[in-house]
Amino acid sequence: MRKRKAGNLLTDVELEFMTELWELGEGSVRDVLGQLPPSRGLAYTSAATVLRILEDKGFVKSRKQNKSLIYTPLLAKDAYQTRSLKNLSQTLFDDTPATLVARLVDDAGLTEADLEEIRALVERRLRNDGG
């Protein structure tokens, strides 16, 4: 099968599938479908197509086990989160992470506890980077 150029970001549906694979660690099409809400109503063939696309994009690998393909994530969830935030910062916030954080802090309806947690994270990072 011909491999497509690895995609940088996931579509909403692809992310939904990757989230389930990250939770499972690995799984077949049926395993992933079993994790999705029943109201989702996806056909087996549609789910298989999404997983095949994820493999073509380089996000998962598959191996044959009996008569099923077992899919395993090639990218950790935290690595994808980092990639997504970097892309968001570059494309929407002029590659200025401080602007992204300022928007989050100003507009996200954060509680005082959330803000204290963010402050503690920043202070810990400053201490670690400074010495």
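This is a predicted model: local features need pLDDT of at least 70, side-chain atom pairs count only at pLDDT 80 or more; totals for chains, interfaces and linings use all residues.
Residues are numbered from 1 along each chain as its sequence is written, and side-chain values use heavy atoms, with hydrogens and water left out.

Figure 1. Six helices and two strands make up the secondary structure. Helices (H or I, at least four residues) and strands (E, at least two) are DSSP runs, numbered from the N terminus. Their order along the sequence is α-α-α-β-β-α-α-α. The chain is more spread out than a compact globule, because its radius of gyration is 19 Å, well over the 14 Å that the globule rule gives for 131 residues. That radius is taken over C-alpha atoms, and the rule is 2.2 Å times the number of residues to the power 0.38. Along the principal axes, the C-alpha atoms fill a box of roughly 55 × 35 × 30 Å. Buried residues make up 25% of the 131. Buried means under 20% relative accessible area, exposed over 50%, and partly exposed in between (1.4 Å probe, protein chains only).

**Figure 2. Charged side chains number 20 positive and 20 negative.** The centres of the two sets lie 12 Å apart. Lys and Arg count as positive, Asp and Glu as negative; His and the chain ends are not counted. Each charge is placed at NZ of Lys, CZ of Arg, CG of Asp or CD of Glu.

**Figure 3. The largest nonpolar core holds 18 residues.** Such a core is a set of buried Ala, Val, Leu, Ile, Met, Phe, Trp, Tyr and Cys residues joined through side-chain atoms within 4.5 Å. Phe 17, Met 18, Leu 51, Leu 54, Phe 59 and Val 60 touch the most other members. Helices α1 (12-24), α2 (29-35) and α3 (44-56) each give two or more residues to this core. The most come from α3, with five.

**Figure 4. Met 18 and its contacts beyond four places in sequence.** Contact means heavy atoms within 4.5 Å. Met 18 meets Leu 10, Leu 54, Phe 59, Val 60, Pro 73 and Leu 75. Across the chain, residues 24 or more positions apart account for 51% of the contacts with a separation of 6 or more.

Figure 5. Most residues other than glycine have a negative phi. Asn 66 sits in the loop between β1 (60-65) and β2 (68-73). Asn 66 is exposed, at 73% relative accessibility. Asp 94 sits in the loop between α4 and α5 (97-107).

**Figure 6. Leu 88 and Leu 85 lie in helix α4.** This helix spans residues 77-92. Leu 88 is partly exposed, at 35% relative accessible area. Not counting residues up to four places away, Leu 88 touches Phe 93 and Leu 100. The C-alpha atoms of Leu 88 and Leu 100 are separated by 8.3 Å, with the two residues 12 apart along the chain. Leu 85 is partly exposed, at 49%. The C-alpha atoms of Leu 85 and Arg 103, 18 residues apart along the chain, are separated by 13 Å.
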